[in-house]
Amino acid sequence: MSVEVLSTPHGQTDAAPFAPYVWPAIVLLVAYAAVPLVANSYFLEALLLPFLALSLAGVGLNLLAGYAGQVSLGSAAFLAIGAFAAFNLNLRVPGLPTLVNILISGVIAALVGIVFGLPSLRLKGFYLAVSTLATQFFTQWALTNFGWFSNYNSSGVIDAPKLSAFGFEFVTPVARYYFTLSVVVLLTLFAWRVATSQTGRNFIAVRDNEVAARVIGIPVLRTKMIAFGLSSFLIGAAGVLWAFAYLRTVEPAGFNLDRSFQILFIVIIGGLATIRGAFLGAALIVTAPVILSRIGSFFLGDLFDSGVLEMSQRVLLGVLIIAFLILEPDGLAALTARMWKGIRTRLGVAASN
Amino acid sequence: MQDFDYLFFLEVLSGGLLSGVMYSLVAIGFVLIYKTSGVLNFAQGSMLLFAALTFVSLTEHGWSFIAAFAASLALMVLIGVIVEKMVLRPLVNKPPITLFMATLGLSYVIEGLAQLAWGTQVHELDLGIQDVPLELSGILISKFDLFAAAVAGTLVAALTLFFRYTRTGLAFRAVADDQFAALAVGLRLPRIWVTVWAASGLIALVAGLLWGARSGVQFSLSLVVLKAFPVLVLGGFDSIAGAIVGGLIIGAGEKLAEVYVGDFFGGGIESWFAYVLALVFLLVRPAGLFGQKLVERV
């Protein structure tokens, strides 16, 4: 009971009439059974795969920023660390199963995350947020500057190895979709367990009032380090999926500051401290550019060149962020919860008449 | 080991200090807004880009320096007014981090608009100062760096005087001190916010021109903010003096590190060195340069 209250810490009450497991179950059923039937390979490759990887990254950042209240601007660095760790493990440890590889790469990202989380012991708020930029720049620099990380590949762009598990190779879009989906589901489940456990409650306590948290005996330092570690672990794993399943190449340039902001936006737009928010936010962030470019080319035809399009996307994204912060600070998660409540009230009224 | 070349050291140091003045200038743009409204304005960099792009494009269309400067400044003031009305006012009383996110969104909007309006190509900007080395008692100093530092220094001094000796400056300091008290004595917060955004717009314009003249006016100009952040961590988000001293330390430290230990790391360390410098400094002195209360120890 108390778990239920704490899992939605911004005071939104989940008004679903069913048990809390019904909705995720329906979503999973659709994702596993229905989506591959109706989706073509473009839909799978260009939308669903990045959506899944970014959702997982969003879940990871949400543990840190939403639950534990430590804002990080360096998420893309951990994506990169995960991706490059997985590439190197695959290269240097022959026969390592992909799933084990993902776990180890996540752990490596977690260790780096704990190191770069150390400033959080002394810095707060903006000072911390700005300090996390160090992660971003240092990682990008290290990965481009030291050839060892990319196995002395001159172009800096490396083909990622094939995904495999239990003797299967996941090559076709549908197979890669299933692989990614399964990993994301398992790790999201893990994140949800963490968020609703004592650890998750410690995160929230540290976020809401550090002094109070210390007074009631929560180890603040350890909690912060756990938050940085777990968050980096999930983002690192997302990085492996991003590079291996979605892009199928590994390159440092794709993990720039814009990507970090993208993940932050996913968390903000989706809703801080909610698991489903990360998925809703990622869905919006991934589809918005596609929809905009479709609309643009429909109305303006060739006038809408790629440069203009990219800039319009930037403007639109910025407006979207500001609008969300002003109109719906609790994000899409709160919006959908309210919509659902509204529908239910109407149905309820209709039924009682 | 060969003898330490003091002249060369001084040359690197002075070069670093001069570019540090430019960091200070950008950092002060942040400090002004942070002090009065508690917003860490990430959009400062995109304002810098927009201002410089506008100026360059107008001069390319045959406008005179004065006219283009005035028009760009007017645009910056306009942005300040719009931001106050559309972004800051609806977000009053929201947590600082929300406001920061809003400026992050704002920077996307301004960057996008700037390049939609003026295109994405690189513009050359000639301020009429040749970048020739000047010899001062054996040390070579770039004439342009000297000029830029002089302009930046003058602007910083002028702003300091403005905020110390004018009524508006007094109102500004009152707001920075205590917003509620300032409201209680009848100061108009929105007007002060607009003034401050205009002032930081002016800084953005000048800084944009100085940086643009050196490296071309283009998208990467908006990344200058990333150079200012370590300065802010070091000097404190709300201290003009901190921004000045922090800028000098970061500028000098960065240049010296690049020259003396850069090769050891394989070069290119300037992208992160400033951050590490700031963090190491804070480890030693958690209170920052000027005893900031905000940096709490846990």
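**Reading a two-chain model**

Q: Where is R248(A) found?
A: R248(A) sits in the loop between α10 and β4 (249–250) of chain A, where helices (H or I, at least four residues) and strands (E, at least two) are DSSP runs numbered from the N terminus. This is a predicted model, in which local features need pLDDT of at least 70 and side-chain atom pairs count only at pLDDT 80 or more, whereas totals for chains, interfaces and linings use all residues. Residues are numbered from 1 along each chain as its sequence is written, and chains are lettered from A and ligands numbered from 1 in the order in which they are written.

Q: What is the phi of R248(A), and what of A273(A)?
A: Most residues other than glycine have a negative phi. In this model, R248(A) has a positive phi, near 60°, and for A273(A), which lies in the loop between α11 and α12 (275–300) of chain A, phi is also positive and near 60°.

Q: How many residues of helix α8 of chain A are buried?
A: Helix α8 (residues 198–208) of chain A is mostly covered, with 8 of its 11 residues buried; among them are the charged-class residues R201(A) and R207(A), together with F203(A), I204(A) and V206(A). Over the whole of chain A, 48% of the 353 residues are buried, and for chain B the figure is 49% of 298 residues.

Q: How do α4(A) and α10(A) cross, and at what angle?
A: Axes are lines fitted to C-alpha atoms, for helices over the stretch in contact, with angles from 0 to 180 degrees between N-to-C directions. The axes of α4 (residues 75–92) of chain A and α10(A) come within 7 Å and cross at roughly 60°, and the two helices are therefore oblique to each other (under 35 degrees is roughly parallel, over 145 roughly antiparallel, 65 to 115 roughly perpendicular and the rest oblique). α4(A) passes α10(A) in a right-handed crossing, meaning that the near helix is turned clockwise from the far one by less than a right angle, anticlockwise being left-handed. Residues of this contact include F78(A) and L79(A) of α4(A), and I235(A) and W242(A) of α10(A); by class they divide into 13 nonpolar, 5 polar and no charged (Ala, Val, Leu, Ile, Met, Phe, Trp, Tyr, Cys and Pro are nonpolar, Asp, Glu, Lys and Arg charged, and the others, Gly among them, polar).

Q: How many residues does each chain give to the contact between chains A and B?
A: Residues are in contact if their C-beta atoms, placed from the backbone, lie within 7 Å. Chain A gives 37 residues and chain B gives 40. On the side of chain A, α6 (125–145), α10 (220–247), α11 (257–270) and α13 (306–327) each give two or more residues, and α13(A) gives the most, with 13. That side has 27 nonpolar, 6 polar and 4 charged residues.

Q: What secondary structure does each chain have?
A: Chain A comes to 14 helices and 4 strands, and chain B to 11 helices and 2 strands.

Definitions and conventions
Contact = placed C-beta atoms within 7 Å. Buried ≥ 20, exposed ≤ 12 C-beta atoms within 10 Å, placed from the backbone.
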